[in-house]
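Please look at the sequence and the structure shown below before reading on. The report is meant to be read with both at hand.

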2 protein chains.
Amino acid sequence: MPTISTKGQQMPASPIRKLVPFAEAAKKRGTQVIHLNIGQPDIATPEVALDAIRHLDRTVIEYSHSAGYESYRKGLASYYAKHGIHITHEQIIVTNGGSEALMFGMMACFEPGDEVIIPEPYYANYNSFALSAGVKVVPVRSTIHDGFALPPISAFEALITPRTKGILICNPGNPTGYLYSQAELERLREIVLKHDLYLFADEVYREFCYDGATHISAMTLAGLEQNVVLVDSVSKRYSMCGARVGAFITRNADLYASVLRFAQARLSPPTFGQIASEAALNTPDSYFTGVIGEYVQRRDILVDGLNTIPGVTCPKPKGAFYCVAELPIDDADRFCQWLLESFSHDGHTVMMAPCSGFYADPATGRKQVRLAYVLEQPLLKKAVDCLRAALAAYPGTDKAAMAKAEAVG
Amino acid sequence: MPTISTKGQQMPASPIRKLVPFAEAAKKRGTQVIHLNIGQPDIATPEVALDAIRHLDRTVIEYSHSAGYESYRKGLASYYAKHGIHITHEQIIVTNGGSEALMFGMMACFEPGDEVIIPEPYYANYNSFALSAGVKVVPVRSTIHDGFALPPISAFEALITPRTKGILICNPGNPTGYLYSQAELERLREIVLKHDLYLFADEVYREFCYDGATHISAMTLAGLEQNVVLVDSVSKRYSMCGARVGAFITRNADLYASVLRFAQARLSPPTFGQIASEAALNTPDSYFTGVIGEYVQRRDILVDGLNTIPGVTCPKPKGAFYCVAELPIDDADRFCQWLLESFSHDGHTVMMAPCSGFYADPATGRKQVRLAYVLEQPLLKKAVDCLRAALAAYPGTDKAAMAKAEAVG
């Protein structure tokens, strides 16, 4: 029997999806599972996108250009211009979701063994793409105590080696929801220039900024034309995760040419998804006003609710639709599985993503979970009730810590 | 300015698409370009698939399971059973086209530096996937003189090293159209077992077999349960290249589990494409009867036509919708570019894929081109006329060889 490769063995299971079999078993027992584990919003996809699909007038579903339909790329360039990002359609390659953009970028920019610094906790699948490309993820720790702000530049400097070739940020952040300030981005700019690194900026949550905060794109940082790779996706913007349409964007012409050759090898991004995505560019602003208002209310219900549970810490994020909470427990992987296997409250339980998978060293996130506030408000209230009851019942809860927190609180 | 990785520099441009800028320039000059360079059929996608898209009744375009919708995978398992391939839906992972299935398979099965033997000429993009995975392609030469039949097993044996981990075949073949016999597959079975290799079988042209020939899947070879990886796609079967829906199939449970983790990292295959593909499973048999009849006529027009041109050799393939022709010219890359830049006949010219990119050593295919007979019959007749005139006019034509062939012929 032939062997599985080292990469094939090391490839981690998704922390977001690995508990799915336990959730399925819970459902079979009749428990309603509140899915806060995955960033799959219940928000309706814009009608304008669905209509384009329903009015499909083609008779042959052909390949598109390997970089994506030119008309869609031109539309995207206008969309970015509205967001203060000035690029041409010839600096955009449409990809199979943001995932493929990350994969192509890592392959084209980094040698096997090169190092990429990523503020942690970070989107778990970065580990998978890095492993595929043979790239070493070097985490720089951000902490829950300051809401997962950018670590000081000295912390980055301390990690730079001759193999350091890039920094990867997610802004607003998954899993933290943290939104970087102009000052933080300027600090990144300096270190990127100083060491001539690539700066990968995953900005798929651009639209989701709250409390009057505005998103600042890495593409607007002066002097980084050759360094910045923008990773984007329609998945969250238009609640169209299944379209699998993302984008790889760079002003670096050599890098663009290289990634286009990777794109040619896989022929083209999905035609149906591009049709929907191009139409979605005409989504009215009112859609986003409504969606953002809804997310703010959801965030407040979930985060404020979690913070009323003694011993629970959950910073209130200004972006995306995730939060990271630290719980008074022994082990979040165990707790999350226990919630699905052994617990229900009023017929409900909660599925969350243990944070172990969002850190380079799983032990670091042992007491943290990621929650996605992508469901309607009554379910989020129910989720908070469930978690309060679960922490009271779970054998691995640190009751002393809870009591102490309650006394202080 | 940060550097491009070695892979990023080495990634080849697609031989199928690299001449596109010349074709665009020709069109701007008013020349009609007959596209025989790419396997993009003009055949209509089955109505049943398009109808499913037009009748989309979802309000949120969600991710699917990372392995693809269970209902689709169950439908696929039934489809395969009808073709004598007995697998369960839990042995199928739906992918972003056959491309992703190849990519995942190479990553999960092979270490960087491992060797995979591929009969050449082979589908050019195998080079790209191998390069991405760090795998070394070891070509075993098939020749135009016997229609690109499987090379003798001794030729494979001579190439086996301690790093040899797999054999990759495309059946029916792209670019050759060659269909392997049971005896040829049994020979492959023996060497695969003897050296405990993976056997990757790209069978995306399964339906397209002519002259009463039947397709035999590598999945039906006894004793290879742990060895065979089946790569599939709906692109050609339903003339739905833009759906980007393929499949990775194996009975090897460890390998399946590994590839599923790669699949989780990129979340899910496209939802719209899966909806269309699931519906396409109900395509009536009459569709294929009609399409196959049409391809046979197209093949005969193109191949018979080419063989009437002195000095041109083109075996008549029994499968897929490509043929490889050897031309009396100095260099096919130069000739194909010249056709687009400097030639027209009755306002037409022909775009073909130079075979240099279909060989591990580009020099080997220097006089060969791949032609896809994916266009309607009058255009194929016109293409033959064009090529006859072009060979008479092209400065790099070997006129002596043509005259000699004519004298002999």
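Predicted model: local features only at pLDDT ≥ 70, side-chain atom pairs only at ≥ 80, totals over all residues.

Residues are numbered from 1 along each chain as its sequence is written, and chains are lettered from A and ligands numbered from 1 in the order in which they are written.

**How the chains meet**

The contact between the chains draws on 69 residues from chain A and 69 residues from chain B, where two residues are in contact if their C-beta atoms, placed from the backbone, lie within 7 Å. Elements that give two or more residues to chain A's side of this contact include helix H3 (47–54), helix H5 (97–109) and helix H9 (253–265) of chain A; helices (H or I, at least four residues) and strands (E, at least two) are DSSP runs, numbered from the N terminus. The largest share of that side, 7 residues, is given by H9(A). Sorted by class, the side of chain A that touches chain B holds 31 nonpolar, 25 polar and 13 charged residues, with Ala, Val, Leu, Ile, Met, Phe, Trp, Tyr, Cys and Pro counted as nonpolar, Asp, Glu, Lys and Arg as charged, and the others, Gly among them, as polar.

**A sheet and its helices**

In chain A, 7 strands form an open sheet with mixed pairing, in the order E2-E8-E7-E6-E5-E3-E4; two strands pair if DSSP finds at least two bridges between them. Strand E2 (92–95) and strand E4 (136–141) of chain A are the edge strands, each pairing on one side only. From one strand to the next, the twist averages 25 degrees, where axes are lines fitted to C-alpha atoms, for helices over the stretch in contact, and angles run from 0 to 180 degrees between N-to-C directions.

Two helices of chain A pack on this sheet. H6(A) touches E3, E4 and E5 of chain A, and its direction makes about 150 degrees with that of E4(A). Helix H8 (residues 182–195) of chain A touches E5 and strand E6 (198–202) of chain A, and its direction makes about 160 degrees with that of E5(A).

| Strand pair | Bridges | Sense |
|---|---|---|
| E3(A) and E5(A) | 3 bridges | parallel |
| E5(B) and E6(B) | 5 bridges | parallel |
| E9(A) and E12(A) | 5 bridges | antiparallel |

Within these pairs, Ile117(A) has Ile167(A) in E5(A) as its bridge partner, Cys170(B) has Asp202(B) in E6(B), and Val324(A) stands opposite Arg370(A) in E12(A).

**Buried strands and residues**

Strand E6 (residues 198–202) of chain B is mostly covered, with 5 of its 5 residues buried; a residue is buried if 20 or more other C-beta atoms lie within 10 Å of its own, exposed if 12 or fewer, and partly exposed in between. Tyr198(B), Phe200(B) and Asp202(B) point one way from E6(B), whereas Leu199(B) and Ala201(B) point the other way.

Of the 282 residues in the largest nonpolar core, Leu199(A) and Leu199(B) touch the most other members, such a core being a set of buried Ala, Val, Leu, Ile, Met, Phe, Trp, Tyr and Cys residues joined through C-beta atoms within 7 Å.

In chain A, Phe200(A) lies in strand E6 and counts as buried, with 26 C-beta neighbours inside 10 Å. Not counting residues up to four places away in sequence, Phe200(A) touches Gly105(A), Gly166(A), Leu168(A), Val229(A) and Val231(A).

By contrast, Gln10(B), whose place is in helix H1 (residues 6–10) of chain B, is partly exposed, with 13 other C-beta atoms within 10 Å.
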